[in-house]
Amino acid sequence: MNVTLRIALCWLALGGTALAAGGDHADPAKDAAMRALATRDAPKEVSAQDFVAKEPAKSGYCANIADAAADARFAWQKEQLAVMERQVEERIKLLEEKRAEYEAWLKRRNEFMAKADESVVAVYAKMRPDAAALQLANMPDEAAAALLTKLNARTASAILSEMEAARAAGLARAMSESGRKDATAPAVKKNQRS
């Protein structure tokens with residue numbers, strides 16, 4: 001308990017016993033002084049401004065380390081940016097690998113489709129299915145599949161039905177792997193006119 005508050009309480013106790021002993025009159029100056037002391041020594045709520053104002057050493061400490069804290073924050077941010085940059089570089093590397101893989105696949109597909117020359121396709125489109133099947137049976141799988149891919153669906157199915165089952169299945173698998181849907185649309189229109 002605060003020393004001043006103890007003194008005020010003792011003085012009040014002594015004055016209270018004097019009044020109880022027969023003193024009818026109270027001293028208004030003494031009462032006002034007691035109230036002022038009690039008000040001054042009463043506990044107050046401490047606000048942030050009071051704390052900063054009463055503690056200049058601590059605010060001085062914060063001011064003294066502000067530059068070091070800012071440097072530490074900048075170093076941390078720089079480290080985080082470096083980590084993110086490494087992650088972006090790894091993702092770019094993966095994308096480049098995928099792009100190279102796609103380009104290789106596209107090159108193989110284009111080479112595959114180029115093997116079937118348009119003039120050869122026109123010849124096979126006009127042949128009887130059994131004769132065309134015999135011819136394609138002696139061709140390499142890749143060339144035969146490319147040629148069948150450029151024929152319209154009706155002609156290609158007639159030729160495949162005339163072939164040996166194992167050979168026809170192998171050619172059909174090669175055709176489906178080459179992306180038949182993309183390649184047949186223009187060829188079907190051309191062959192349907194003839």
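A: With the cut-offs: buried means under 20% relative accessible area, exposed over 50%, and partly exposed in between (1.4 Å probe, protein chains only). This is a predicted model, in which local features need pLDDT of at least 70, side-chain atom pairs count only at pLDDT 80 or more, and totals for chains, interfaces and linings use all residues. Residues are numbered from 1 along each chain as its sequence is written, and side-chain values use heavy atoms, with hydrogens and water left out.

Q: Which residues are buried in helix 6?
A: Helices are DSSP runs (H or I, at least four residues), numbered from the N terminus. In helix 6, Ala132, Ala133 and Leu136 are buried.

Q: Why do the buried residues of helix 6 line one face?
A: An α-helix has 3.6 residues a turn, so residues three or four places apart point the same way. Seen down the axis of helix 6, the buried residues fall within an arc of 105 degrees (directions from the helix axis to the C-beta atoms), so they line one face.

Q: What do the buried residues of helix 6 pack against?
A: They pack against helix 5, helix 7, helix 8 and helix 9, where contact means heavy atoms within 4.5 Å.

Q: Which residues does Met163 touch?
A: Leaving out residues up to four places away in sequence, Met163 touches Ala133, Leu136, Ala137, Ala168 and Leu171.

Q: Is Trp105 buried, exposed or partly exposed?
A: Trp105, found in helix 4, counts as partly exposed because its relative accessibility is 36%.

Key: Helix = DSSP H or I, 4+ residues; strand = E, 2+ residues; numbered from the N terminus.
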